[in-house]
Amino acid sequence: MQTAEASSPFVDLNILPPARRAAGSLGRIALAALALTLLGCAGLLPLFQALHTARQHTSALDAELSALSADLEAARIDLQATNDLQRRIDDTHSSLDSLAQSRREFLGDGPALSAVAETAVRGLPPGVTLTSLSGGKDGLTLSGEAPSAGLVFAYAGVLEGGATSDATIVSLAGADAGGGASVTFTITLAP
């Protein structure tokens with residue numbers, strides 16, 4: 001036995017008595033198993049690190065996904081509000097179109113008469129009253145009464161200088177104020 005031990009390249013450091021010593025091949029197998037276990041654990045370490053890194057990235061992506069979901073929900077709410085507002089605008093436009101159609105049916109297709117009518121009312125000399133005001137495609141027709149024919153001519157001059165360039169006295173009837181009667185008139189304003 002001593003010759004077998006002397007030929008071994010390893011020094012036997014086992015201080016146990018020979019009866020307690022493990023068999024030589026079993027010790028090598030245990031040593032190999034221990035080495036393989038350590039290598040396996042060392043091989044799993046990068047996998048655990050990769051798993052930990054993946055979890056960190058996943059949690060960051062989950063936070064970003066939550067933020068994007070909140071932004072998407074806010075955009076959906078804004079889109080709904082925009083659609084509601086657009087619907088209200090469309091309803092308002094249809095109401096305005098309906099009113100414009102009614103105006104055209106009532107007043108005709110001529111230009112808006114509000115500025116001309118306002119000038120006709122504001123330009124009335126003292127004592128002159130309007131009895132009717134009507135409009136159409138041909139313009140505005142004013143009828144009224146005045147204390148004298150001179151005031152009717154003055155009124156026609158005010159109208160020509162204001163809203164329209166063509167004020168025509170169509171009719172002038174009655175006596176002057178000297179007799180206590182009034183003068184009736186009709187003036188047309190071209191559009």
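Select L44, L47, F48 and L51 to begin: together these residues make a nonpolar surface patch of about 390 Å². Patches consist of residues with over 30% relative accessible area and no salt bridge, nonpolar side chains (Val, Leu, Ile, Met, Phe, Trp, Tyr) being joined within 5 Å and like charges within 9 Å. A salt bridge here is a side-chain nitrogen of Lys or Arg within 4 Å of a carboxyl oxygen of Asp or Glu. Areas follow the Shrake-Rupley method with a 1.4 Å probe.

The model is predicted: local features need pLDDT of at least 70, and side-chain atom pairs count only at pLDDT 80 or more, whereas totals for chains, interfaces and linings use all residues. Residues are numbered from 1 along each chain, and side-chain values use heavy atoms, without hydrogens and water.

L47 counts as exposed, at 56% relative accessibility (exposed is over 50%, buried under 20%, partly exposed in between). Helices (H or I, at least four residues) and strands (E, at least two) are DSSP runs.

Next, select A167, in strand β3 (residues 167-174). A167 is buried, with a relative accessible area of 9%. Its contacts (heavy atoms within 4.5 Å) include A156, L159 and I187.

Finally, display Y155 and F185, both buried. Their ring centres are 6.2 Å apart and their planes stand at 70 degrees, so the pair is edge-to-face (centres within 6.5 Å; planes over 60 degrees apart are edge-to-face, under 30 stacked, the rest tilted). Y155 lies in helix α4 (residues 149-161) and F185 in strand β4 (residues 183-189), so the pair ties together parts 30 residues apart in sequence.

Technical notes
Rings of Phe, Tyr and Trp (its six-membered ring) pair if their centres lie within 6.5 Å; planes under 30 degrees apart count as stacked, over 60 as edge-to-face and the rest as tilted. Buried means under 20% relative accessible area, exposed over 50%, partly exposed in between (1.4 Å probe, protein chains only). Lists of a residue's contacts leave out its neighbours within four places in sequence.
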